[in-house]
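User: Could you walk me through this one? I'd like to see where the labels come from.

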Amino acid sequence: MEGQRHAEVVGRIKSDLEEIMGCGLRMKANMGRSKIIERECTLEETHPSLFVLEVKEKRDRKARVSYS
């Protein structure tokens, strides 16, 4: 029963993310040891257990980053 509930929650999050695919976002990530980063990004892809962002770097560079 617990696994089914977990799958429903993950599915709902994935569908919510798919609605904002391609939209500009402000991402905040906890990198550990009191280090929190904030970046402007665009949601590129969603997968069952992770999502991929295109992050705007300095000097108009872009990087692809995935989070689970």
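Analyst: Let's start with contacts (heavy atoms within 4.5 Å). Looking at those between residues at least 6 apart in sequence, 17% join residues at least 24 apart in the protein chain. Keep in mind that this is a predicted model, where local features need pLDDT of at least 70 and side-chain atom pairs 80 or more, while totals for chains, interfaces and linings use all residues. Numbering runs from 1 along each chain as its sequence is written, and side-chain values use heavy atoms, without hydrogens or water.

User: How do you know which pattern the protein chain follows?

Analyst: Helices are DSSP runs of H or I with at least four residues, and strands are E runs of at least two, numbered from the N terminus. The protein chain has 1 helix and 4 strands, and along the sequence they read α-β-β-β-β.

User: What makes the largest nonpolar core count as one?

Analyst: Its members are buried (under 20% relative accessible area, 1.4 Å probe, protein chains only) and are nonpolar types or Cys, joined through side-chain atoms within 4.5 Å. Here that gives 9 residues: M27, A29, I37, C41, L43, L53, V55, V65 and Y67. Two or more come from each of β1 (24–30), β2 (36–46), β3 (51–56) and β4 (62–67), and β2 gives the most, with 3.

User: Which residues does L53 touch?

Analyst: Leaving out residues up to four places away in sequence, L53 touches L25, M27, C41, T42, L43, E44, A63, R64, V65 and Y67.

User: How much of the protein chain counts as buried?

Analyst: Of its 68 residues, 16% do.

Technical notes:
Buried means under 20% relative accessible area, exposed over 50%, partly exposed in between (1.4 Å probe, protein chains only).
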